[in-house]
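Open the model in a viewer and keep a selection tool at hand. The stops below follow one another, each with something to select and a note on what is there.

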Amino acid sequence: MLTDAELMRYNRQILMPQWDIAAQEKIRASKVLIVGMGGLGCPVSLYLASAGVGELWLADFDTVEESNLQRQVLYREEDIGQPKAEAAARQLAKVNPYVVLKPLVKALDVDTLPDVVAQVDLVLDCSDNFSTRDAVNRACVMAGKPLVSAAAIGLSGQLSVFQGRDDRPCYRCLYPEGDAGAATCSESGVLATVVGVMGILQAHEALKCLSGVGVPLFGKLVVWEGESSMWRTLAFRRDPACSVCGNPEVSKS
């Protein structure tokens, strides 16, 4: 149950008729894995910690560089050279002392992800390369866990929620041929506010999934064009022939 101090801290959320104490207790009891503590992972973790998610697993093998400071809002000059996962955990502990923080300073791949994903309730893919996204998606399908995924490049971003079960499509249903050739921020650049917008939306979708409040973006892709501040929402379906969620050896694990 929530303590008196937590009731006071989360008062503005609990006051909402759609939310209440039950929803707050649900997210407090949740464990969430964030894969990638860069431009997306920073706002995602900051808002999930502030909102009161009980346990955050922060996964990133990289260290803080000076070029990260333009958009990775958790880090400071003194963090340069430090592991991102550990630097992020230090900052988030100051934001909310009631949240359990578990930094994972290692690369997660097809071999290590299944065990980690099986221990959490939801995964947020905040990475910037296809191989990681594909491995995260596969592990989530195997474990039946929801996956909130976003991407940001230049002045645009994309967002969706996947699962790969119960008629809910997985990442591979949307990108059957993969996107290994897609540009990354280090190659094409990205405006700081774009990763902020997409990261906050990721956190919002995660809170909806964890609390049961609202309708998550299963089967929908939200596209934001930051240059014009225009939004588009595209519907897509689960692919019965999907190489991941349509494969019994994966989806029935």
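Start by selecting aspartate 166, which is placed in the loop between strand 6 (156–162) and helix 8 (171–174). Helices (H or I, at least four residues) and strands (E, at least two) are DSSP runs, numbered from the N terminus. This is a predicted model, in which local features need pLDDT of at least 70 and side-chain atom pairs count only at pLDDT 80 or more, while totals for chains, interfaces and linings use all residues. Residues are numbered from 1 along each chain as its sequence is written, and side-chain values use heavy atoms, with hydrogens and water left out.

Aspartate 166 has a phi near 55 degrees, a positive value in a residue other than glycine. Its relative accessible area is 65%, so aspartate 166 is exposed (buried means under 20% relative accessible area, exposed over 50%, partly exposed in between, with a 1.4 Å probe and protein chains only).

Next, select serine 229, in the loop between strand 7 (220–225) and strand 8 (230–235). Serine 229 also has a positive phi, near 55 degrees, and is a residue other than glycine. With a relative accessible area of 46%, serine 229 is partly exposed.

Move to tyrosine 171 and tyrosine 175. How far apart are their ring centres, and at what angle do the planes lie? The structure holds 5 aromatic pairs, and tyrosine 171 and tyrosine 175 form a tilted one, 5.1 Å centre to centre with 45 degrees between the planes. Rings of Phe, Tyr and Trp (its six-membered ring) pair if their centres lie within 6.5 Å; planes under 30 degrees apart count as stacked, over 60 as edge-to-face and the rest as tilted. Tyrosine 171 is buried at 3% relative accessibility, whereas tyrosine 175, at 22%, is partly exposed.

Now select cysteine 173 and cysteine 245. Cysteine 245 is in no disulfide (a pair of cysteine sulfur atoms within 2.5 Å), and the structure holds 0 disulfides. Cysteine 173 is buried at 11% relative accessible area, and cysteine 245 is buried at 2%.

Two charges over rings come next (NZ of Lys or CZ of Arg within 6 Å of the ring centre and within 35 degrees of the ring normal). Select arginine 168 with phenylalanine 218: the charged end of arginine 168 sits over the ring, 4.0 Å from its centre. Then select lysine 102, which lies over the face of tryptophan 57 at 3.8 Å from the ring centre.

For the last stop, select Gln13, Met16, Gln18, Trp19, His204, Leu207, Lys208, Ser211 and Val213, the lining of the second largest pocket. A pocket is found on a 1 Å grid over the protein atoms alone, as an open set of points where a 1.4 Å probe fits, with protein on both sides within 12 Å along at least five of seven lines; lining residues have an atom within 4 Å of a point. Helix 10 (residues 192–211) gives the most to this lining, with 4 residues. The volume of the second largest pocket is about 180 Å³.

Technical notes:
Grid points are joined across faces, edges and corners, and a volume is the space filled by probe spheres set on the points.
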